[in-house]
Amino acid sequence: MSRAPHPIHASSSAASIAATCEAHALTPEQFAALRSQASAAKAAAYCPYSKFRVGAAVLGDDGSVTTGANVENASYPVGTCAERVALGKAVTDRGLRAFKAVAVATDVAPPASPCGMCRQL
């Protein structure tokens with residue numbers, strides 16, 4: 001039986017964060033690192049068309065965190081999502097092949113969820 005996805009969300013309630021950490025075997029420190037690094041990664045976004053900044057942080061099974069930001073192109077479908085940038089960097093720069101968690105940060109509320117292509121990756 002597969003587990004339903006439980007996204008890391010914007011809530012700062014201690015109970016909500018504890019429940020997320022327990023559900024995904026994350027430490028509070030890992031949760032905090034993913035959240036802060038995904039948020040900081042938005043600064044590197046190249047989004048001159050949509051102005052929709054996205055940052056992502058992926059937690060490798062080795063405990064390392066790799067970040068990425070969205071990169072747009074004038075041809076809309078050719079852009080690259082922050083999640084795919086972070087995962088690609090983790091694979092090519094660190095040689096990772098297994099991941100424990102992904103955090104995504106945007107400037108909108110409620111938080112945005114990864115697109116289908118990123119979920120597939």
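For residue classes, Ala, Val, Leu, Ile, Met, Phe, Trp, Tyr, Cys and Pro count as nonpolar, Asp, Glu, Lys and Arg as charged, and the others, Gly among them, as polar. The model is predicted.

**Exercise 1. The second largest pocket**

Find the volume of the second largest pocket, then describe its lining by class.

Solution. 
- The volume is about 490 Å³.
- The pocket is lined by 24 residues, and N70, E72, Y76, T80 and C81 are the closest to its centre.
- Sort the lining by class: 14 residues are nonpolar, 7 polar and 3 charged.
- Now turn to the elements. At least two lining residues come from each of α3 and β3.
- The top contributor is α3, with 3 residues.

**Exercise 2. R84**

Locate R84, and determine which side chain of opposite charge is nearest to it.

Solution. 
- R84 sits in helix α3, which covers residues 82-94.
- R84 is buried and forms no salt bridge.
- The nearest side chain of opposite charge is E83, 6.6 Å away. A salt bridge requires a nitrogen-to-oxygen separation within 4 Å.
- Set aside neighbours within four places in sequence: R84 then contacts G79, M117, C118 and L121.

**Exercise 3. A109**

Is A109 buried or exposed? Also give its C-alpha separation from T27.

Solution. 
- A109 lies in the loop between β3 (99-106) and α4 (116-120).
- The cut-off for exposed is over 50% relative accessible area. A109 has 76% relative accessibility, so it counts as exposed.
- T27 is 82 residues from A109 along the chain, and their C-alpha atoms are 25 Å apart.

Notes. Residues numbered from 1 in each chain as written. Predicted model: local features only at pLDDT ≥ 70, side-chain atom pairs only at ≥ 80, totals over all residues. Heavy atoms only, no water. Helix = DSSP H or I, 4+ residues; strand = E, 2+ residues; numbered from the N terminus. Buried < 20%, exposed > 50% of the residue type's maximum accessible area, 1.4 Å probe, protein only. Lys, Arg positive; Asp, Glu negative; His and termini not counted. Contact = heavy atoms within 4.5 Å. 1 Å grid on protein atoms, 1.4 Å probe; cavity = no way out; pocket = protein on both sides within 12 Å on 5 of 7 lines; lining within 4 Å. Points joined across faces, edges and corners; volume = space filled by probe spheres on them.
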